[in-house]
Amino acid sequence: MTYQEVFEIWKEGYELKIESTTHDKMMGYFKNHILPVFAKTPVESITYLDCKQFVTKLTKKLISSRKIIFYFSRF
């Protein structure tokens, strides 16, 4: 399964637990930062190094990347 496919499954359950404003922010993080990098990648092929490089690049690019990294690590 790709990261996008797993994300869609996870999102269905997670959406039931959060407020709409949180949902909108979360979807923005995935749409703008996480999915462009990992959407088509098979989950089983994502390595620790891939994750580390993503976090490093994100931290250098954005002033506050903590929430994006939080959601990236949720599933």
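How many aromatic pairs does a search of the whole structure find? The search finds 13, where rings of Phe, Tyr and Trp (its six-membered ring) pair if their centres lie within 6.5 Å. The model is predicted, so local features need pLDDT of at least 70 and side-chain atom pairs count only at pLDDT 80 or more, whereas totals for chains, interfaces and linings use all residues. Residues are numbered from 1 along each chain as its sequence is written, and side-chain values use heavy atoms, with hydrogens and water left out.

**The aromatic residues**

Select Trp-10 and Tyr-14 to begin. Their rings are stacked, at 4.6 Å centre to centre and 15° between the planes; planes under 30 degrees apart count as stacked, over 60 as edge-to-face and the rest as tilted. Because Trp-10 and Tyr-14 are four residues apart in helix H1, about one helical turn separates them. Helices here are DSSP runs (H or I, at least four residues), numbered from the N terminus.

**Tyr-14 and Met-26**

Tyr-14 counts as buried because its relative accessibility is 11%; buried means under 20% relative accessible area, exposed over 50% and partly exposed in between (1.4 Å probe, protein chains only). Leaving out residues up to four places away in sequence, Tyr-14 touches Met-26, Tyr-71 and Arg-74, contact being heavy atoms within 4.5 Å. Now select Met-26: beyond its neighbours within four places in sequence, its contacts are Trp-10, Lys-11, Tyr-14, Ile-18 and Tyr-71.

**The largest nonpolar core**

A nonpolar core is a set of buried Ala, Val, Leu, Ile, Met, Phe, Trp, Tyr and Cys residues joined through side-chain atoms within 4.5 Å. The largest one has 17 residues, of which Tyr-3, Trp-10, Met-26, Phe-30, Ile-34 and Phe-38 touch the most other members. Helices H1 (3–15), H2, H3 and H4 (66–72) each supply at least two residues of this core, and H2 gives the largest share, five residues.

**The largest pocket**

Finally, select Asn-32, His-33, Pro-36, Val-37, Phe-38, Asp-50, Gln-53, Phe-54, Lys-57, Leu-58 and Lys-61, which line the largest pocket. A pocket is an open set of points on a 1 Å grid over the protein atoms alone, where a 1.4 Å probe fits, with protein on both sides within 12 Å along at least five of seven lines; lining residues have an atom within 4 Å of a point. Helices H2 (20–38) and H3 (48–61) are the elements that give two or more residues to this lining, and H3 gives the most, six residues.
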